[in-house]
Amino acid sequence: MSSDQVQIVLTAAVCAVGVGVVGLGLAWLVRFRSLRWQMGLVSVVAVSAVLAGVVGTARRMFISGHDWGVVALVALVAGVVALGVALAVGAAFAHWSQSLQEDVRRVGARGTHVAVRRGPSELQALSDELARTSERLEESRRREQRLEESRRELVSWVSHDLRTPLAGMRAMTEALEDGMAPDPERYHRQIRAEVDRMVRMVDDLFELSRIHAGVLRLSPQPVMLGDLVSEAIAGADPVARARNVRLGGSVDPGIEVSADPAGLSRVISNLVMNAIRHTPSDGVVEIHGRAVPEGVELSVTDGCDGLSAEDMERVFDLAWQGSAARTPEPGEAGHATGAGLGLAIVKGIVEAHRGMVRVENVGAGLPGCRFLVQLPVPSADTPVALA
């Protein structure tokens with residue numbers, strides 16, 4: 001490169017850098033203005049930098065006034081055209097931005113948004129993300145509504161389940177006080193049974209409060225899954241016999257899980273009792289345990305009439321009682337459904353073990369349901385967290 005070329009490059013660079021520094025200062029001053037200003041400023045700075053370089057070089061080259069006028073006129077026309085294009089693009093960007101702003105307002109007001117392809121890819125990606133956000137907000141709104149309905153149902157069911165035995169015990173105690181009880185021993189046994197049932201309900205409520213508050217403490221230790229299942233079957237067998245329901249199933253030998261024994265035992269017991277409660281007379285409840293690649297899987301299958309899609313979404317919700325197909329007829333002894341806490345407790349304890357629980361219909365015509373509990377195999381350095 002010759003010395004003249006070096007001088008031209010240096011002169012153009014100095015002039016362009018000077019204009020660029022001034023342009024950055026102006027950009028800082030208008031940084032909060034409309035995008036039209038930003039785009040117009042970019043075009044003006046670009047043309048001004050070229051013009052400054054041309055002027056500086058022309059003065060060093062001592063070109064004629066006529067030639068300098070031609071160069072300046074060409075640069076001016078190019079600048080006007082560039083400014084017009086920049087303002088048009090800026091106006092388009094401003095319009096797209098306003099449309100996106102309206103979409104955000106609608107999401108805030110109604111919580112719904114459908115992505116529309118407009119503007120550059122960055123704005124399209126922002127619109128797509130806004131649509132996904134609106135979907136998550138809608139799902140959260142539906143979940144909150146279900147929780148609020150569950151809380152109201154819980155209060156209603158607990159009030160009913162407490163009021164009924166309390167009224168019965170009050171009547172029995174008054175009969176005992178007045179000496180009108182034909183069989184005092186039977187009254188005493190009935191009062192004790194009602195008290196035990198209310199104690200179990202209060203224990204369930206306390207357990208749920210600990211789960212929801214995140215203070216459920218687990219004491220994991222190696223336990224044999226077969227032993228827990230055997231204990232649950234033995235405890236539920238009298239209830240199953242009274243309802244003429246057969247209990248069966250199997251657990252693969254040697255399956256060991258690291259879990260809180262009391263918590264996991266409660267999970268199995270709640271699922272088995274729930275299955276017995278919703279299985280008709282002469283039905284079968286089966287419990288199976290096996291090892292799967294993801295960990296350990298426990299299944300409890302009942303003989304109910306199956307669950308609808310809506311019930312499947314709510315089966316583990318607080319105070320869920322189910323449809324008429326799964327709710328026993330009123331007046332049947334021993335068929336009380338309780339306040340709908342058992343499956344909610346199951347979900348809370350399983351999730352506290354970093355596991356998951358789900359339900360599915362089995363057989364043609366939806367003759368039954370299968371509850372599946374899957375517990376992971378924790379590594380040596382993976383602590384079992386609180387709920």
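N244 comes after α6 and has a positive phi, near 60 degrees. The model is predicted: local features need pLDDT of at least 70, side-chain atom pairs count only at pLDDT 80 or more, and totals for chains, interfaces and linings use all residues. Residues are numbered from 1 along each chain as its sequence is written, and side-chain values use heavy atoms, without hydrogens and water.

**Overall**
- The protein has 9 helices and 7 strands (DSSP runs numbered from the N terminus: helices H or I, at least four residues; strands E, at least two).
- Of its 387 residues, 33% are buried (under 20% relative accessible area; exposed is over 50%, partly exposed in between; 1.4 Å probe, protein chains only).

**Helix α6**
- Helix α6 covers residues 225–242, 18 residues in number, and its end C-alpha atoms lie 26 Å apart.
- Buried residues of α6 are L225, L228, V229, A232, A236 and A240.
- Their cover includes β1 (221–224), β2 (246–251), α7 (261–277), β4 (284–292) and β5 (295–301).

**Surface patch**
- L73, L76, V77, V80, V81, V85 and V89 form a nonpolar surface patch, with about 620 Å² of accessible area together (Shrake-Rupley method, 1.4 Å probe).
- L73 lies in helix α3 (residues 65–110). L73 is exposed, at 52% relative accessible area.

Methods:
Expected span 1.5 Å × (residues − 1). Contact = heavy atoms within 4.5 Å. Patch = residues over 30% accessible without salt bridge, like charges linked within 9 Å, V, L, I, M, F, W, Y side chains within 5 Å. Salt bridge = Lys/Arg side-chain N within 4 Å of Asp/Glu carboxyl O.
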